[in-house]
Amino acid sequence: MNAGPTLKWNEGDAQSLRPKYLPRSAWIGHGPFAMWLVQAIAPRVIVELGTHNGYSYFSMCQAIKDAGLQSKAYAVDTWQGDDHAGFYSDQVYQVVALANQPYENFSTLLRKRFDQALPDIAAGSVDLLHVDSRHGYEDVKEDFESWIPKLSDRAIVLFHDTEVLDRGFGVYKYWAELTKKHTGFAFRQSHGLGVLFFGANQTDAAKVLIGQASTPEGIDQLRQRFVKLGRGTRLRYVGQRAIQRIASFFQVQRS
Ligand SMILES: C[S@@+](CC[C@H](N)C(=O)[O-])C[C@H]1O[C@@H](n2cnc3c(N)ncnc32)[C@H](O)[C@@H]1O
């Protein structure tokens, strides 16, 4: 990586990088970074492989809407679950479809397998791909590599679970291979998030991010900043769940 100018943080970030949609998710600490990244690189097309309750996806949709970007976003999931996330009921999709309504003019839910969704997306069009599906080494490798033809020359790819070393997860191993060939860095909170600069012609904003992540002080500052913002999001999630539990307790008492 080449050191370059460091990122300028806006003091209003803590207010603007606040995901509003807070369902249960192992991704919770990455929402502010995902929002920041979307607004910094203004991706023309975003694809997410693995959406489940929609936390990561709607964080990115919120960022698109808040910034008035022209991006198109696609969430791909069977909304049936898998042997890692667990299998779940159709209600999950119904709730996600409702949450998608404010974003319908740019966001499409593709309820199908990842391989079945390939014809829906133009070759070379995806500026931001998020891979968060099954987490075995072969799974993540296959999911990502089958989508490579869809990536643009400025593509960034996010990989969740780069910090999980047990339970048969193999993202960390694949991530280590990828970063031998491509520039990337990872956050450690919320099971880890790898940020891979895959395309050869990265945007100016991405180049600044690469520069920041290339020095020990720069990457520390970057991680600390988003750990702090992610912690704030987690606290809001915990608070919201507590309020929901109290409200349903009183409803049961009344009925
Ligand atoms: C870990 S969850 C996604 C979590 C989500 N990104 C979040 O923010 O919490 C993985 C999802 O991938 C979906 N999935 C796994 N393999 C799939 C495949 N081959 N095709 C479509 N969906 C798949 C599952 O249905 C599950 O909802």
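In this predicted model, helix α7 exposes A176, E177 and K180 on the face turned away from its buried side. The buried residues of α7, which spans residues 171–181, are V171, Y174 and L178. Viewed down the axis of α7, these buried residues fall within an arc of 70 degrees, so they line one face of the helix. Their cover includes helix α6 (137–147). Strands β7 (151–160), β8 (183–187) and β9 (193–197) also contribute to that cover.

Helix α9 runs from residue 216 to residue 254. At 1.5 Å a residue, its 39 residues should span 57 Å; the end C-alpha atoms lie 57 Å apart, which agrees. The buried residues of α9 are G218, L222, F226, L229, G230 and T233. They pack against α1 (13–16), α2 (31–41), β8 and α8 (204–213).

The largest nonpolar core has 64 residues. Within this core, V38, V47, M60, L129, I156 and V157 touch the most other members. Leaving aside residues up to four places away in sequence, V157 touches L129, V131, F144, L196 and F198. In soluble globular proteins, nonpolar side chains tend to be buried together.

The ligand is surrounded by 21 residues. S25, G50, H52, Y55 and S56 are the closest. Two or more residues of this shell come from each of α3 (55–67), β2 (72–77) and β3 (81–82). By class, the shell around the ligand comprises 10 polar, 6 nonpolar and 5 charged residues.

Note on methods:
Residues are numbered from 1 along each chain as its sequence is written. This is a predicted model: local features need pLDDT of at least 70, side-chain atom pairs count only at pLDDT 80 or more; totals for chains, interfaces and linings use all residues. A residue is buried if 20 or more other C-beta atoms lie within 10 Å of its own, exposed if 12 or fewer, and partly exposed in between; C-beta atoms are placed from the backbone. Helices (H or I, at least four residues) and strands (E, at least two) are DSSP runs, numbered from the N terminus. The arc is that of the directions from the helix axis to the C-beta atoms. Two residues are in contact if their C-beta atoms, placed from the backbone, lie within 7 Å. A residue is near a molecule or strand if its C-beta atom, placed from the backbone, lies within 6 Å of it. Ala, Val, Leu, Ile, Met, Phe, Trp, Tyr, Cys and Pro count as nonpolar, Asp, Glu, Lys and Arg as charged, and the others, Gly among them, as polar. A nonpolar core is a set of buried Ala, Val, Leu, Ile, Met, Phe, Trp, Tyr and Cys residues joined through C-beta atoms within 7 Å. The expected span of a helix is 1.5 Å times one less than its number of residues.
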